[in-house]
Amino acid sequence: VQLVESGGGEVQAGGSLRLSCAVSGERFRIIAMAWYRQRPGAQRELVAYVTVGTTTRYLDSVNGRFTISKDRDWHMLWLQMNNLKPEDTGVYYCNADLGMDYWGQGTQVTVSS
C-alpha cells in the first residue's frame, strides 16, 4: 500500500484545512486508517482513525473540530480540520493498518496566532 498526503499549509488560528491521503495498492487488506501528527518537540500522536466499519475515534483535543472520512473503497482518506489552533501545528501523517502499519511521507500544517 502506498499513501500520499496533500493539503497541508499555513493558516491563521480559527481557519480550516482539509488534508487528503491518496491510497494505492492492496486496499482490500486495509483494516483501518488514521491520521497521526508530530508536533515540534513531541512524539507522534494519533489524531483520528476510521475502521472498515466506519467507526471513528478522535484525540480529545481535536474532537468536535476535526472530522475524518473516507470513500467507500479506501481510495481516499480525508481530515477536515476546522477552528485550527496554534497547538495543532505539526507534520500530519496518513496511516494504514493492514496488520502492519504503512505511512505516508507527511504534510506540514502550520497554524499562526
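Here is a short walk through this structure, from its core to one strand and its neighbours.

The model is predicted, so local features need pLDDT of at least 70 and side-chain atom pairs count only at pLDDT 80 or more, while totals for chains, interfaces and linings use all residues. Residues are numbered from 1 along each chain as its sequence is written, and side-chain values use heavy atoms, with hydrogens and water left out.

Let's begin inside. A nonpolar core is a set of buried Ala, Val, Leu, Ile, Met, Phe, Trp, Tyr and Cys residues joined through side-chain atoms within 4.5 Å. Buried means under 20% relative accessible area, with a 1.4 Å probe and protein chains only. The largest such core here holds 27 residues, and Met 33, Trp 35, Leu 79, Met 81 and Tyr 92 have the most contacts inside it. Among the elements that give two or more residues to this core are β3 (17-24), β4 (32-38) and β9 (90-97). Its largest share, four residues, comes from β3. Strands here are DSSP runs (E, at least two residues), numbered from the N terminus.

Now follow β9. This strand is mostly covered, with six of its eight residues buried. Which strands does β9 pair with? Two strands pair if DSSP finds at least two bridges between them. With β4, the pairing is antiparallel over seven bridges, and Ala 34 has Asn 95 in β9 as its bridge partner. Three bridges join β9 to β11, again antiparallel; here Tyr 92 is partnered by Thr 107 in β11.

Finally, three antiparallel bridges link β9 to β10 (residues 101-103), where Ala 96 stands opposite Tyr 102. β9 and β10 form a hairpin with three residues between them, and Gly 99 in the turn has a positive phi of about 95 degrees.

Technical notes. Buried < 20%, exposed > 50% of the residue type's maximum accessible area, 1.4 Å probe, protein only.
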